[in-house]
Amino acid sequence: MYVAVKGGEQAISRSLELLAEARRGDPSVPELSLEQIREQLRLGVARVMQEGSLYDEELAALAMRQAAGDMLEAIFLLRAYRTTLPHFGYTRPLDTNAMRVRRRVSGTFKDIPGGQVLGPTYDYTQRLLEFGNVASEPSTQSDAPMPDVMPRVLDLLDAEALIERADAGSDPEPVDLTREPMMFPADRATRLQNLARGDEGFLLGMAYSTQRGYAESHPFAGEIRMGEVDVVICPEELGFAIEIGSITLTECQMINQFHGGHGLAPQFTRGYGLSMGEGERKAMSMALVDRTLRCDELGEPSVAPAQNQEFVLSHSDSVEASGFVQHLKLPHYVDFQAELSLLRTLSKQHAQQHPGEEACAAETSS
Amino acid sequence: MMLAAFAHPVFDSQRNFRELLQAMARPASPRAMPVVASAPAPILPATMAAVLTLCDADTTLWLQQPNDEVATHLRFHTGVRLTQSTMEADFALITDRAAMPPLTLFAHGELRYPDRSATLIVQVDGFTDNAGMRFSGPGIRDVEQLTIEGLPATFWQQRKAMQAQLPLGVDLIFIAGDRMVALPRTTRVLED
Amino acid sequence: MTSDYNFAFLDENTKRMLRRALLKAVALPGYQVPFGSREMPLPYGWGTGGIQLTAALLGPDDVLKVIDQGADDTTNAVNIRRFFARVTGVATTERTREASVIQTRHRIPETPLREDQILVFQVPEPEPLRTLEPREAETRTLHALADYGLMHVKLYEDIAQYGHIATSYDYPVLVDGRFLTSPSPIPKFDNPKLDRSPALMLFGAGREKRLYAIPPYTHVESLAFDDHPFEIQRWEQQCQLCGSGDSYLDEVVTDDRGSRLFVCSDTDYCGQRRAERAA
């Protein structure tokens, strides 16, 4: 006699035990400390904070450890925790002009006021695995101290009126996508917010497609800067601004050729990317996609996937995408049964209308 | 001295919401507000309970009869943003039903987003079940009969005009004593 | 790092946002209200919309039932029930009759629901037109104009091609004669239970950030044509456990030689019937 399967509860609890065991690995190997993750896997921590929309290195490290290094799972853990945090208000806009720069490069001018500053980058490492312990040598201090404020490369073009103003179009108060649903068409501030939370891999692929002819972008890396920026809030009850700390940011300003049209003069246009921590690949991808998504505003024909804002913005989020792709693991018995009985009906009908064919198929398969 | 709000905000709001939800889901059928809250005049305790349950800093509220005590009380307990403009109001409190502004002054939503419309909380004199006007529509099994006491006759003319614009419209919650009745935009008034 | 969560996990601001949206949803039967869906501790696509609605509804006196595919013991149902037991402490049940709130994925219980019950559906894709028109900006406009020609054409093409409407679940309905609505991926077998239901029915799509409602006693019409009326699935078999001839059946493969067994998908309904027969 058939007995319906029971025991979902026990199955789940046993699976959780197995997971805990697998996550920890060999117990004779010391467990990673959060400090180790934060200090030695800082680029992973930065990505988890950025796409998790929460600047907290320790929580990001905890999430990475709990997720056994699965970055998307770590991002999801951080997002779910973020939901439970009280919302106190919004900071003042971050002033990246006043960034205490540790890295700053431009692909558009050989030399620039303030200089090209490589900083800590993998760019010119020769990708050779370094076997053995990595000895950390103290870095040599530069002879010339870094200037307090570095002028922006794009301001040089602005002075000549060769590039659109930074506030081209309008700059409305952004909606908070962590509290409000996305609406289409989305304005640029909302789009940028979505891209900032978007999956790095997805944005990278989208950005890459714009360089390969799916949209015309003609980009130049006007300026990429990384360093520390102060975070300022202005509580209503105080009535004045106070600094609550500083965070590491990577900012990318792309310069894109624009031949004019749609009532606009030929000029360079901008694409913008910003990422928490050292997230240069993300910031650059974001800047390319941002510029491409401005096609309607600039009167460019919208033909490529990266120009289609519903396509890009609806599919950029790894937590949404990962959940929905993987939900196919859940039982679909009922719907499958419905499809099965429909298919049986259709197939019976087909056989009646085409007598002979079934026999043929049976012959070929035998 | 400032009046208190709910004694148990989490659970009191939840109980009130469930009744508000049932009221909206079963129009023209009076039910009691489970937990009322002290309120400065002219706001009734059951009205205040609805406001505490639904309003916060993310909502705008229009007061027909604003006064300092009411404003201070609402700001302190809910953080709700008070507005002078009927069109901008998510919620409106009508405390003098005879001088109620026309329904057309409140947001009816947009065709693509008809939910972006006002909810009016209207204090009335009382409800008489099983007598008076007859209502049908979503949430009503057959026909509900109800008299909402103290509404000006013009109200029903305005509401009839509003129904021609469905799905645009405003939704109404009437309060009398500790009882409430909802009249969402879809509820139809049966003509005799 | 705290593990001290509010009752029902969500903070009160989020619950108020959901509650306001739910009232508008009830006032606009079948219309999809956008809401600020939160990231929940369960994955998108696994019931986060239903979970948020249930979280906004639940109070200490509620009795919660959670089903997936009609069954209380499927792993996702167990997990969601465990979540609410953990963050609310409310009583849970597997009995449809005992529940005040029922969260469901893909089924409507066979036991008729009452006026004092609320059914919460988990919805993966709230937009019934989405597979025909992927752009939200466009589908919004079609709803505004009540222009559902696309769907009628699709169903009609099915008939022309297959002689049947080839939609067996998530079968579109017209609510109160106005909004074309997805009933969620319930089999069309369950569609008649949507019409003039005594219980309030709420639908939550967390990933798509939309919620909607079908109020009690609302006319819900499954789309059809005069010459091709709406029909539900029927089985030649009866449930081999309880003998029911009018419930939705799961097909169970019992060996590798093609043997099949048909049993009720609604495990509570099936269990109750067997208990009654035994008594």
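This briefing walks through selected features of the structure above, topic by topic. The model is predicted, so local features need pLDDT of at least 70, side-chain atom pairs count only at pLDDT 80 or more, and totals for chains, interfaces and linings use all residues. Residues are numbered from 1 along each chain as its sequence is written, chains are lettered from A and ligands numbered from 1 in the order in which they are written, and side-chain values use heavy atoms, with hydrogens and water left out. Helices (H or I, at least four residues) and strands (E, at least two) are DSSP runs, numbered from the N terminus.

**Two packed helices in chain A**

- Two packed helices are described by the angle between their axes and the distance between the axes.
- Helix H7 (residues 188-197) and helix H9 (residues 280-292) of chain A pack at an angle of about 145 degrees, and their axes are 10 Å apart.
- Those axes are lines fitted to C-alpha atoms, for helices over the stretch in contact, and angles run from 0 to 180 degrees between N-to-C directions.
- From H7(A), the residues Arg188(A), Leu192(A), Leu195(A), Ala196(A) and Arg197(A) meet Lys282(A), Met286(A), Val289(A) and Asp290(A) of H9(A); contact means heavy atoms within 4.5 Å.
- Sorted by class, this contact of H7(A) with H9(A) has five nonpolar, no polar and four charged residues.
- In this sorting, Ala, Val, Leu, Ile, Met, Phe, Trp, Tyr, Cys and Pro count as nonpolar, Asp, Glu, Lys and Arg as charged, and the others, Gly among them, as polar.

**Helix H4 of chain A and its ends**

- Leu59(A), Ala60(A), Ala61(A), Ala63(A) and Met64(A) of H4(A) are buried; buried means under 20% relative accessible area, exposed over 50%, and partly exposed in between (1.4 Å probe, protein chains only).
- These buried residues of H4(A) pack against helix H2 (34-40), H3 and helix H5 (71-83) of chain A.
- At the start of H4(A), a side-chain oxygen of Asp56(A) comes within 3.1 Å of the backbone nitrogen of Glu58(A).
- Ala68(A), which follows H4(A), has a positive phi near 55 degrees.

**The sheet of chain B**

- Strands of a sheet pair through backbone hydrogen bonds, either parallel or antiparallel.
- In chain B, seven strands form an open sheet with mixed pairing, in the order S1-S9-S8-S5-S4-S2-S3; two strands pair if DSSP finds at least two bridges between them.
- Strand S1 (31-32) and strand S3 (81-83) of chain B are at the edges, each with a single partner strand, so one side of each has no neighbour in the sheet.
- Helix H1 (residues 9-25) of chain B packs on this sheet and touches S1, S8 and S9 of chain B, with a direction at about 45 degrees to that of S9(B).
- Strand S8 (residues 171-176) and strand S9 (residues 179-183) of chain B are antiparallel partners, joined over five bridges.
- Within S9(B), Leu183(B) is the bridge partner of Leu172(B).

**Backbone angles to look for**

- Most residues other than glycine have a negative phi, and most peptide bonds are trans.
- Ala41(B) and Pro42(B) are joined by a cis peptide bond with omega of about 5 degrees, and Pro42(B) is in the loop between S1 and helix H2 (45-54) of chain B.
- A cis peptide bond also links Leu166(B) to Pro167(B), with omega of about 5 degrees; Pro167(B) sits in the loop between helix H4 (153-163) and S8 of chain B.
- Ser53(A) is not a glycine, yet its phi is positive, about 55 degrees.
- You can find Ser53(A) in the loop between helix H3 (42-52) and helix H4 (57-66) of chain A, and Ser53(A) counts as buried because its relative accessibility is 13%.

**Two glutamates in loops**

- Glu278(A) lies in the loop between strand S4 (269-276) and H9 of chain A and is buried, with a relative accessible area of 19%.
- The side chains of Glu278(A) and Arg42(A) make a polar contact (2.8 Å).
- A polar contact is a pair of N or O atoms within 3.5 Å; within protein, one must be able to donate a hydrogen and the other to accept it, and residues adjacent in sequence count only if both atoms are side-chain atoms.
- Glu115(C) is in the loop between strand S4 (101-105) and strand S5 (118-122) of chain C, and counts as partly exposed at 39% relative accessibility.
- Not counting residues up to four places away in sequence, Glu115(C) touches Gln22(B), Arg26(B), Pro198(C) and Tyr217(C).
- The side chain of Glu115(C) also makes a polar contact with that of Tyr217(C) (2.6 Å).
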